[in-house]
Amino acid sequence: MATYLEFIQQNEERDGVRFSWNVWPSSRLEATRMVVPLACLLTPLKERLDLPPVQYEPVLCSRPTCKAVLNPLCQVDYRAKLWACNFCFQRNQFPPAYAGISEVNQPAELMPQFSTIEYIVQRGPQTPLIFLYVVDTCLEEEDLQALKESLQMSLSLLPADALVGLITFGRMVQVHELSCEGISKSYVFRGTKDLTAKQIQDMLGLSRPAVPLQPGRPLQTPEQPVISSRFLQPVHKIDMNLTDLLGELQRDPWPVTQGTRPLRSTGVALSIAVGLLEGTFPNTGARIMLFTGGPPTQGPGMVVGDELKTPIRSWHDIEKDNARFMRKATKHFETLANRTAANGHCIDIYACALDQTGLLEMKCCANLTGGHMVMGDSFNTSLFKQTFQRVFNKGFNGEFRMAFGASLDVKTSRELKIAGAIGPCTSLNAKGPCVSENELGIGGTSQWKICSLDPSTTLAIYFEVVNQHNAPIPQGGRGAVQFVTQYQHSNTQKRIRVTTIARNWADAQSQLQHIEAAFDQEAAAVLMARLGVYRAESEEGPDVLRWLDRQLIRLCQKFGQYNKDDPNSFRLSESFSLYPQFMFHLRRSPFLQVFNNSPDESSYYRHHFARQDLTQSLIMIQPILYAYSFHGPPEPVLLDSSSILPDRILLMDTFFQIVIYLGETIAQWQKAGYQDMPEYENFKHLLQAPLDDAQEILQTRFPMPRYIHTEHGGSQARFLLSKVNPSQTHNNLYAWGQESGAPILTDDVSLQVFMDHLKKLAVSSAS
Amino acid sequence: LGQPISTQRLPTQVPGFAPPPSSTGIGPSSYPPATGAPRPPTMPGPPLSGQTVAGPPTSQPNHVSSPPPPSTMSGPHPGPPMSGLHGPPPPTHPPQPGYQMQQNGSFGQVRGPQPNYGGAYPGTPNYGSQPGPPPPPKRLDPDSIPSPIQVIEDDRSNRGSEPFVTGVRGQVPPLVTTNFLVKDQGNASPRYIRCTSYNIPCTSDMAKQSQVPLAAVIKPLATLPPEETLPYLVDHGESGPVRCNRCKAYMCPFMQFIEGGRRFQCCFCSCVTEVPPHYFQHLDHTGKRVDFYDRPELSLGSYEFLATVDYCKNNKFPSPPAFIFMIDVSYNAVKSGLVRLVCEELKSLLDYLPREGNMEESAIRVGFVTYNKVLHFYNVKSSLAQPQMMVVSDVADMFVPLLDGFLVNVNESRTVIASLLDQIPEMFADTRETETVFAPVIQAGLEALKAAECAGKLFIFHTSLPIAEAPGKLKNRDDKKLINTDKEKTLFQPQTTFYNNLAKDCVAQGCCVDLFLFPNQYLDVATLGVVTYQTGGSIYKYAYFQLETDQDRFLNDLRRDVQKEVGFDAVMRVRTSTGIRATDFFGAFYMSNTTDVEMAGLDCDKTITVEFKHDDKLSEDSGALLQCALLYTSCAGQRRLRIHNLSLNCCTQLADLYRNCETDTLINYLAKYAYRGVLGSPVKTVRDALINQCAQILACYRKNCASPSSAGQLILPECMKLLPVYLNCVLKSDVLQPGPEVTTDDRAYIRQLVTSMDVAETNVFFYPRLLPLTKADVDSDSLPAAIRNSEERLSKGDIYLLENGLNIFVWVGVNVQQGLIQNLFGVSSFSQISNALSTLPVLENPFSKKVRSIVDMLQVQRSRYMKLIIVKQEDKLEMLFKHFLVEDKSLSGGASYVDFLCHMHKEIRQLLS
């Protein structure tokens, strides 16, 4: 077998799964001593160019409590046409269609290379995708214009048969009827009044009234068009109409007096959007896309009053319990999010404003439904425009990279139980024998709903080893997990993707080195980070940091090699070597540190952290730094202040920001205009190289990162300085003598100090 | 100006019936009869004059039929016939024994006892026991009792030629039925203010004794004939109009300048106020300011002040007002063609919005709403290619969904509005929604005006009882069984107080509501009309609206209603000189305190009746003054004050009071008083109170002013000789005595209508004008002489026209010449005349032209377009027509003029004894 690194990589490519441990400790007790839980990052719809879906239904285990899907790990009796479920050991007859199978004539799902397989199934009527735009009109003229253009543009990106709807809001909420000719018609709601779903449907005329037939009037044909069609229309039918409508969209006309915010009824607008879809298209793929340019200032979901003299809540206010609207608003949006999730719809939030827009309160709308959350300064920025365009990006096969209404069903072999999941999902409350009582993340279930997902959506799934110490697993035994993801493909097909994986059990006492070697520190770092971030949403920041620290110390105690009370003797094996560094950067990251971040920003960062795949998550935890200089080809360098040198150009990717930083000398050269002189063409190339690389990242990333081009001494250099390890600060600069680099004005501890303390604590016999 | 007093006297009723004064078996309350006692055929029978039993047939009022026997006045007369009593028309008639001088007017005449008249008085002692055949019928000759026609004609010929100059205090103006010009020389024109009396008692005791109500009927924005000048607009500059410091009365001709013009003494409260420097002017030798004739406020009775910002709401000059058209688009409205009709009409009508003076275009902005169970607002901003419709279904909590583009300038948004009005009928053509809301519609208009920060008017076109779930939802509570019970008043009261509160809000914003109703069944006018009523709006009702027959009437009403002069956000206060005080107000308005009459809108037809009471003594020297100040916003958004001043005489002699009364105004007051009374008391109580008050008025006169005469005589003051006939008309009007065909909604509608009527309107409403068309002179443009409203005045061979301000009847006798029928109706025979006609056919012959021009002329005179009904004699519609022959007995039990006069006489006698 190749190295574990290769194994991990292969597995990730084939199944979209990365486990923290790739050899599993065989008993509950041992597993808890491993500190990092047995868990995996699952990318359910990982793009597989080489995986053509099969056009039939999966074969299920007949035991009602199991219903696992036939997979390559199952034992098959080709003669008796029987197969044994590898989860519950139930013996099942193959269905009649499988009569012809034999060792040489196997269906795909039995072949080892198809540990992940996708089925296309025919179930129920196919409904087109639905896109409901919910547009804030309390914007500056310029912003509104840009937004209108983006929306008009988006119509051309939608599938022709997709249904679109438009709700606009400001002081009032308008639901636009798209079907009428001549006169444009909309239903208007007061922005201050919370309405129940029933009221909304009544007022929109969606509930079919029992109209007594008028005598003398012809009976209505029973097949009247779907009543909701007034508000949701196929794009191809009304795109002209809608383009005009968007074109005529005006800023909210109600006067905004000096010193007040515009009255913005985001809460009611979303409520109506949710109610509209709930009443008309439950359980089909639908995106509610909320475009807002400021905080909700009235009605349910109000985040801040309309008086400008009271600023929107800050972390400080929240800590002091001074955010008077927060709890109520959060509750409102949570209720909406849960209803949306229950209907299988999702909510995207595109919030563009210089100030906060209430993402903290609204975050659950995107988080629970798998929607996007995009934060920008203005709709008139390429950040928003490109990001929005990318929502409609198409994959390699020309299909949208979005899927809807997924449910993820996890089945485990009996030594394992499911503790929970963290990601853009909600619990489906499927209790069962494989559900653990100990919850990590969203637990208590073996099924989750993911209302919207794309090929990079990644869930962290946590397990618990339940095998008792005194009931050993036979030598060579393997534990298995099956992930069954049912979803609506963007082409409206219903599909089921099944991934079945297995890992070896190992006795931690005798085979610790195997387990140790099979540790995936990257996955572990992300999985621990997700747990930390998940906790941070409900707990005080310092508590979470203390918990993370304690876990790290315990891990080092368990797997480090050292002599007691001798910090200098401390060593970690290669498979653990990067882990403490990840934790160091995680502690400094905006996911756990709220200092210098608004509550909205924190929510935004945490949102993306909880859904991106492993690579992106790692970039978020520990940004990547590249250096460009005349001394050699571009190279990754340490994320350290010592990397900031005068003759270097640095490119930092934090996922959310791309920073290009010109060192002092480079900046001077550039100012002197050397790049324009033919004899310094190489300098021109040097300047260009990071730009090209940055472009490449910008092209592919969703959401589009903030692009920052700065130089030594520039104000925006703070983005770089705040991320690098402060190995040189104003405190120690002179002590370090002539060593070059840039001092960081901070009291934060550097990685070195952190590691020293870690070692000390790890080897301490006191703990 | 001592007018001769005309005394009328009647003999006591009939021989055998009139007991000695002490022994009365006749209770006043038993009149009129509740049950139809057997009546001789002569009473309701064919109206031909030949039927009268005694005396020769007569068609001339005041005709002397036979010399009266001298002894008729005393004692019961056993034998028929009772000879007719009457005075001769000219004053030259020799006085007769027992008869006081008849100087003017008509005489009572008794032709004999009215057959069975006593049936009304079950207690009549002798009647039932009279042996032998009943006495042959005797009756009072209708020609001998005071005739409205005669009074009107006399006034016309006496006073129609000279202009009425208002310079003199306490002048009684000509009657409303007389055409006359007014020259304002210091008192307001009678077109603006009319009083019940122009000479008021000095003390409250005297006033109480006479029981003559002191009231003024004020029509502040009345339309003037083109020959008269509109009130001048006076600008007193930044400090605003000059006013008395204490009572805040406005500068007027009665203010007394003293100390060389440096100060002025208030004519109302006597307080002395410094004349502002910019207003100072020297006095001439008579004490008049030398600029007397240059300043309207010093020389005229009516004028306007430009208001300053202090007179504006929130200390901000108002924006121009807005008109919002709110159209019911439920199934009934669409099906009847109403929606299409309104939309079509609005397209052209919008070019005729009221304009200020010589402005080129109207400043009024317009908005549109349609509704059924939900409301649809329209954005008709000029920049839009197409109107936008905004539906508000949250009727429980009404709001206006848009600000910009709802109220627009007609010229700027012309194409968008036209497109909208084209599309509305199409959009709702297939509607199946039958339910409507109502209160939310008003709320929507109110909110829209609030948002636009202006006053305005809502034109609501509504068809049905609002039963859809919404605030102000109503239920059908119509119950005819309540009539003549103590609960009858509930039919006039609103179902819920919701609309009263809404009205209050509307008034505060200056939101006037005009209501056009098109009911096919009961829709509770009493409740729906509350807001209209309290905001100074008008109700128009078209029951069983049919496009073919009602279109013209509705469109004419709508046109007039939209175009007529109107003021908004008005507050009226009536100030009086010390001694009397305005205590009660009648009309369509809202009052939040006891002095200020608030009207969201006030148009040129709306009238307010104000009652005055003494709170001190008045003096004959200084007389009494009224100043009516109306603060309002003009249709261009200008804030103004319109001031009307009127000076009255005061008297210590009751005779002076009775000599200067105006019966038409009195009736206006009494009708409004009674119509308000039905809200709180059983109708019967109200009627009795009316009769009683009038009896007291007349009894007081009889006792104090008439020369001593026999108690059996009925003596009426000259100015009030029509009081009994008019009062009878009020008593038998639909509100106070409904016939079976009168619906509850009709009664509520009429009740509200009458409350805002001016004197001319109440006059013709209660005593309709009956014109013999066949007597019209086709070559002149005058009207034929009117005749009295009695069936016996109609001739089978003639065609008549009857109008009462709401309806025009054209009555065709069975024996009318075919030629006339051909000329007027274009058909060859009586039987071919269709009574479904709502207009007269346009035919090219002098008679047709003449009749149509008469009809047109009448239509122009009235504030509402009258419904034209063709009635053929002996057709079933004739019942309806006969209802308006008010001198006759009515089917609903109303007394005939003659009967009522007798009853009145009896009441008076009882009071006197």
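Begin by selecting Cys628(B), which is buried, with a relative accessible area of 1%; here buried means under 20% relative accessible area, exposed over 50% and partly exposed in between, with a 1.4 Å probe and protein chains only. This is a predicted model in which local features need pLDDT of at least 70 and side-chain atom pairs count only at pLDDT 80 or more, while totals for chains, interfaces and linings use all residues. Residues are numbered from 1 along each chain as its sequence is written, chains are lettered from A and ligands numbered from 1 in the order in which they are written, and side-chain values use heavy atoms, leaving out hydrogens and water.

Cys650(B) is in no disulfide (a pair of cysteine sulfur atoms within 2.5 Å), and its nearest cysteine sulfur, in Cys202(B), is 4.9 Å away. Over all chains, the structure holds 0 disulfides.

Turn now to chain A and select its open sheet of 4 strands, ordered 1-3-20-17 with antiparallel pairing. Strands are DSSP runs (E, at least two residues), numbered from the N terminus, and two of them pair if DSSP finds at least two bridges between them. Strand 1 (17-19) and strand 17 (416-422) of chain A stand at the edges; each has a single partner strand, so one side of each lacks a neighbour in the sheet. Finally, select strand 20 (residues 459-465) of chain A, which 6 bridges join to the antiparallel strand 17 of chain A. There, Val465(A) is the bridge partner of Leu416(A).
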